[in-house]
Amino acid sequence: MTSYTPKNILITGAAGFIASHVANRLVRTYPDYKIVVLDKLDYCSNLKNLNPSRSSPNFKFVKGDIASADLVNYLLITESIDTIIHFAAQTHVDNSFGNSFEFTKNNIYGTHVLLEACKVTGGIKRFIHVSTDEVYGETEEDAVVGNHEASQLLPTNPYSATKAGAEMLVMAYGRSYGLPVITTRGNNVFGPNQYPEKLIPKFLLLSMRGKPLTIHGDGSNVRSYLYCEDVAEAFEVILHKGEVGHVYNIGTKKERRVLDVAKDICNLFNLDHESSIKFVENRPFNDQRYFLDDEKLKSLGWAERTTWQEGLKKTMEWYTSNPDWWGDVSGALVPHPRMLMTPGGVEGVAEASENVQSDSPHPRINSSQFRKVGPISKTGSNPPSKPAFKFLIYGKTGWIGGLLGKICEKQGIQYEYGTGRLENRAQIISDIHNIKPTHVFNAAGVTGRPNVDWCESHKPETIRTNVSGTLNLADVCRENGILMMNFATGCIFEYDAKHPEGSGIGFKEEDTPNFTGSFYSKTKAMVEDLLKEYDNVCTLRVRMPISSDLNNPRNFITKIARYDKVVNIPNSMTILDELLPISVEMAKRNLKGIWNFTNPGVVSHNEVLEMYKEYINPEFKWKNFTLEEQSRVIVAPRSNNELDVSKLKKEFPELMSIKESLVKYVFAPNKKF
């Protein structure tokens, strides 16, 4: 008998029902195995399903889609994956009647991506593909022997057809490329953590809510049910003892009619059968029976351990103890749910006779780990669509990036922070494919800590982020048809003969940068020039940013209020409280090109500090020094200029002058005297 010991296992779809039980079992039982789980956290996934494993040192969770070839290749290589257990799939038959294309995309294309990645990377020693008993089609009612692993595949619904199609790809890669594949075909599984679109959790929740248990047709359809822990053990056995190239049925000969299942659940809650069970219209096609021959798996040493009554009682106890595990699941509890899915969009759950609204219950790692499920009109005239806006923001830990997230929350805009590093193209592609944003905001960049002098001694790091990373992001966004809002700087100019200090003549968007005093400014001018080749970028030149948060060390006011001496030169400045909401509006309007992104006019250091003294601290004192004196205490010269913002003012006539905005947004809200 074969004996196989894996080292690094990738489990796809592991935040789903069966896969989470398998992942938790392997993490718990085999501390020497590294378990990497990949899940895009779709509506029927829940990160809480993996709570038993999340603190374990041999466990790692990655949020992502198996359809992202770059991500899959990256994981296989960087995690040294030698084993894949592929669960990720759309599995609910009812939903497949609503939009079968999504099933093709997930079940066939997603599997193909995985297989191709295995072929290319060449390090896989086991590829276990998880299929279903439904690929065999309907079993005759009087059959006494179940379908064995060599039986013909005769799928009868879009879901099972896509699973059969995926199996063909798996078999082909095994034969053509020698990929070490194993396929499993399982009966129905039940137990804790299962999304309530499936029969048993659906009936349990309906009983708990005092609602009728709705049965398709007359309830005579026969199914076999295995408890989840027994199934997890079956995968453990197949992982270690399964023969490459073989198929294994995971089943039981203990069958039950759907009507009998409903009656057993009524008995658990002491409900009357007659009044608690309601028969509704059947599916377009509903297989009468699935029946498997499970002798091959038993020959490896596996056996069903949990009786039907014991498993059902455990499952009921779990759901009664965790009624809100999945959040609002009213859409899944209707008799005939349909997931009307649009590629990359939002799922809407609709029942022909009523509107429903539901939220996926994913814990808030970030805001897009749950998707809004929108109501469908009774007339069907308003099909579900993608959210109007969904922002992907880079620079979560930065000042501007953090403020953008707060603005999105205030405006009710879906957003998520990027997790990839800008210089890593594969990670950016993964973010784009997984989050599917309408717009990308780049608020990431190296400005130096505590100031731009840092960049003078860290030039490679500065180039890597400010130039290479920004171009990388712009390029990936262009490939995906996405507008990138890029926060740049106006510190690429200095007063000159054509734009003298105090003249009111500012530098325009089309002017060539003339300040090269700091390495930071050089990189920003360089990347701005290169970005002109991209027609999907909106460049926003920020200068000396100020906000109402006077405790933030990045705030220009906070900085100069802590200096013993300051220069006194008029400059253009950006009041973030006023201008960041404008940047969001610019994204909504799909504005592109270069924009001077400051308030109109200029204000000097002394004028700012006079306001600080008037509104915040009447005892505040400071001294001035010249640029020559300043140059002795800094490494790199500083940019001083006025930007012409007539272009922005024309687009947003309500934009306040710098001094008006300082009073309204910064000093008046913080006034202490």
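**Strands, cores and ring pairs in a predicted model**

Strand β5 (residues 126–132) runs parallel to β6 and pairs with it over six bridges; helices (H or I, at least four residues) and strands (E, at least two) are DSSP runs, numbered from the N terminus, and two strands pair if DSSP finds at least two bridges between them. The structure is a predicted model, in which local features need pLDDT of at least 70 and side-chain atom pairs count only at pLDDT 80 or more, while totals for chains, interfaces and linings use all residues. Residues are numbered from 1 along each chain as its sequence is written, and side-chain values use heavy atoms, with hydrogens and water left out.

What about the nonpolar interior? The largest nonpolar core holds 68 residues, of which Ile11, Ile85 and Ile200 touch the most other members; such a core is a set of buried Ala, Val, Leu, Ile, Met, Phe, Trp, Tyr and Cys residues joined through side-chain atoms within 4.5 Å. Helix α7 (residues 228–241) gives the most to this core, contributing eight residues. A separate core of 31 residues includes Ile400, Cys408, Val542 and Leu648.

Helix α8 (residues 258–268) has buried residues at Val258, Leu259, Val261, Ala262, Ile265 and Cys266. These residues cover an arc of only 160 degrees around the axis, which puts them on the same side of α8; the arc is that of the directions from the helix axis to the C-beta atoms. Just after α8, Asn270 adopts a positive phi of about 55 degrees.

Lys40 sits in the loop between β2 (34–39) and β3 (59–63) and is buried, its relative accessible area being 19%. Leaving out residues up to four places away in sequence, Lys40 touches Lys63, Gly64, Asp65 and Asn106, where contact means heavy atoms within 4.5 Å. The side chains of Lys40 and Asn106 are joined by a polar contact of 3.0 Å (a pair of N or O atoms within 3.5 Å; within protein, one must be able to donate a hydrogen and the other to accept it, and residues adjacent in sequence count only if both atoms are side-chain atoms).

Across the whole structure, 20 aromatic pairs are found; rings of Phe, Tyr and Trp (its six-membered ring) pair if their centres lie within 6.5 Å, and planes under 30 degrees apart count as stacked, over 60 as edge-to-face and the rest as tilted. Tyr195 and Trp326 form an edge-to-face pair, because their ring centres are 5.1 Å apart and their planes stand at 85 degrees. Tyr195 is buried at 10% relative accessible area, and Trp326 is buried at 4%. Phe391 and Phe441 make a tilted pair, 4.8 Å centre to centre with 50 degrees between the planes. This pair links strand β17 (residues 390–394) to strand β19 (residues 439–442), with the two residues 50 apart in the chain.

Terms used
Buried < 20%, exposed > 50% of the residue type's maximum accessible area, 1.4 Å probe, protein only.
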